[in-house]
Amino acid sequence: MGTYILGLDAGNTVIKAIIFDTQGRELALAACDGRSSMPRPGHVERDLNELWRNAVAVIGQCIDQAGIDPGEIVAIGCAGHGNGLYALDRDGGPLVGIQSLDTRAIGIVDEWARQNVGERTYVHCLQKPWAAQTPTLLAWIKRHAPELFSRIGTVFLCKDFVVNRLTGARSTDTSDMSGCGLLQMPDRRYDADLLAAYGLGDCMALLPPVLESADIAGHVTAEVAALTGLRAGTPVVAGLFDVVASAVGSGVTRTGAASIIAGTWSVNQVITDEPIRDPSIFMLSTFDPSRYLAIESSATSAANLEWIVREFLEHGHDTGASPFELCSELVASVDPSGDIPIYHPFLYGSQQNGHARAGFYGIAGWHTRAHMLRALFEGVAFEHKRHVETLRKAGAVFDEVILSGGGSRSAVWPQIFADVLGVPVTVARSRETGALGSAIAAGTGVGIFEDYSAGATAMTAAARHYAPNGAIAPVYSRRYRLYGEINQAMTPIWQRIASEQAQS
């Protein structure tokens, strides 16, 4: 008999199931890509029934591949993308799933900025409203979709929906609820004055009980066991905000350690003993029962490369290599000290400006596809650097980072990160840090590990190290300044574009 842990990772589209042993080795992995719908400009949603069907499928496939007795799976943990809004109806059925790329509530954010709502929420949750934030979306639904609002029975996050389907439990955890600005901090509890500041004073009953991430939320039901092959009664922990799970799963567990995730979102985070109180910091989340993560993030990272590949490169080559490998090869072919355009990675807006748009600047006739891709890789790293500078100015101290997410798999991107940030970069062994982090939380919840640090010591390892190249630092410094200056110059133009589109 072995001892295994099932880790689930539910992103904005893909859900993955991975069975790990207690040394972090993967026995089996299954993944299923769901579909996002965009019924109106700025609206990004998913079918919750499809999400659950996909979860059932990957769990069953994973068990079949592993060839183990499901009774050897001693615990289940789930990570999921933060923010957005997932809701059950009053009977506990799936109602709506809004993803964290949604921008429908930009108008409310602008209105609240004029009314200083952010100052009123910040004193409670150490976060200001933004477009895809859960309470902001709930306020949007309350105002613009009252029929839908009247049907809501529970509001929580992506991984909470999966845990609910597995166990029947109506629950959430501190990492997700603090990350979406719905908890009084550092008390880790709901607060009537905070909800009132969002205009949601009548919504307290819609919020589920809050657990710590490694607390057991419930157990696999007999119905789910029949669907998936899991053993009925297997404990399921409350789970983690995926950025926290990725930090744990990449081995970032000590105070002062830094995790950067180059995924759909640019996530830049540092573990602190006490919450950093600085309004310039985008987000605060809990890390474990006593510590916190200071987080700077935006939807400005590897999603840009995914878009380029999907729209222009996926069917445009016959080398046998994946299009992402082709991109890395093209980027490596360009001298970083040469003439390279500037790219803003704002396909889904920027953290500072929801109206910002992506764009290449300074393109000339001699620039090639490789130059454009190099600009994209650098532009993503530049926006990560802007976030890192914000963390440092607020008092976060670190001298190296662990990089995870899709961008870490590139042969060249980690070196660009090291050179742009000017610090050593380590890439974690596991490519599936979200699922691994959730598995570590599950192992902690059932007593296999004393805490996250012990679990990470047992289950994680480093794969590659990158030292910054000091010779290229002045080049990147100049290009980064230009990146910021163009951002400033474009701000009023982006606002005009948004105004004209609103009138059309």
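**Helix packing and sheet architecture in the predicted model**

The axes of helix 11 (residues 303–313) and helix 13 come within 10 Å and cross at roughly 155°. Angles over 145 degrees count as roughly antiparallel. Helix 11 and helix 13 are therefore roughly antiparallel to each other. On helix 11, the contact is made by Asn304, Leu305, Ile308 and Leu313. Helix 13 contributes Arg369, Leu373, Leu376, Phe377 and Val380. By class, the residues of this contact divide into seven nonpolar, one polar and one charged. This description rests on a predicted model.

Helix 13 (residues 369–393) also packs against helix 14 (residues 413–421). Here the angle is about 45°, and the axes are 9 Å apart. That makes helix 13 oblique to helix 14. The crossing of the pair is right-handed. From helix 13, the contact draws on Arg374, Leu376, Phe377, Glu378, Val380, Ala381, Phe382, His384, Lys385, Val388 and Arg392. From helix 14, it draws on Trp413, Ile416, Phe417, Val420 and Leu421. The contact of helix 13 with helix 14 has 11 nonpolar, one polar and four charged residues. Leu376, Phe377 and Val380 of helix 13 are listed in the contact with helix 14 and also in the contact with helix 11.

Another open sheet is built from five strands, in the order 4-5-8-7-9. Its pairing is antiparallel. Strand 4 (36–37) and strand 9 (152–156) form the edges, each pairing on one side only. Strand 5 (residues 45–46) pairs with strand 8 (residues 94–98) over two bridges, in the antiparallel sense. Glutamate 45 stands opposite isoleucine 98 in strand 8.

Glutamate 45 also takes part in a salt bridge, with arginine 104 as its partner. The closest N and O atoms are 2.7 Å apart. Glutamate 45 lies in strand 5, and arginine 104 lies in the loop between strand 8 and helix 2 (106–114), so the pair ties together parts that are 59 residues apart in sequence. A search of the whole structure finds 22 salt bridges.

Helix 1 (residues 48–66) lies across strand 5, strand 7 (85–89) and strand 8 of the five-stranded sheet. Helix 1 runs at about 90° to strand 8. Helix 1 also packs with helix 6 (residues 158–167), at an angle of about 65° and with the axes 11 Å apart. This crossing is right-handed. Leu48, Leu51, Trp52 and Ile59 of helix 1 make the contact with Cys158, Phe161, Val162, Arg165 and Leu166 of helix 6. The contact of helix 1 with helix 6 has eight nonpolar, no polar and one charged residues.

Notes. Residues are numbered from 1 along each chain as its sequence is written. This is a predicted model: local features need pLDDT of at least 70, side-chain atom pairs count only at pLDDT 80 or more; totals for chains, interfaces and linings use all residues. Side-chain values use heavy atoms; hydrogens and water are left out. Axes are lines fitted to C-alpha atoms, for helices over the stretch in contact, and angles run from 0 to 180 degrees between N-to-C directions. Helices (H or I, at least four residues) and strands (E, at least two) are DSSP runs, numbered from the N terminus. Angles under 35 degrees count as roughly parallel, over 145 as roughly antiparallel, 65 to 115 as roughly perpendicular and the rest as oblique. A crossing is left-handed if the near helix is turned anticlockwise from the far one by less than a right angle, and right-handed if clockwise. Contact means heavy atoms within 4.5 Å. Ala, Val, Leu, Ile, Met, Phe, Trp, Tyr, Cys and Pro count as nonpolar, Asp, Glu, Lys and Arg as charged, and the others, Gly among them, as polar. Two strands pair if DSSP finds at least two bridges between them. A salt bridge is a side-chain nitrogen of Lys or Arg within 4 Å of a carboxyl oxygen of Asp or Glu.
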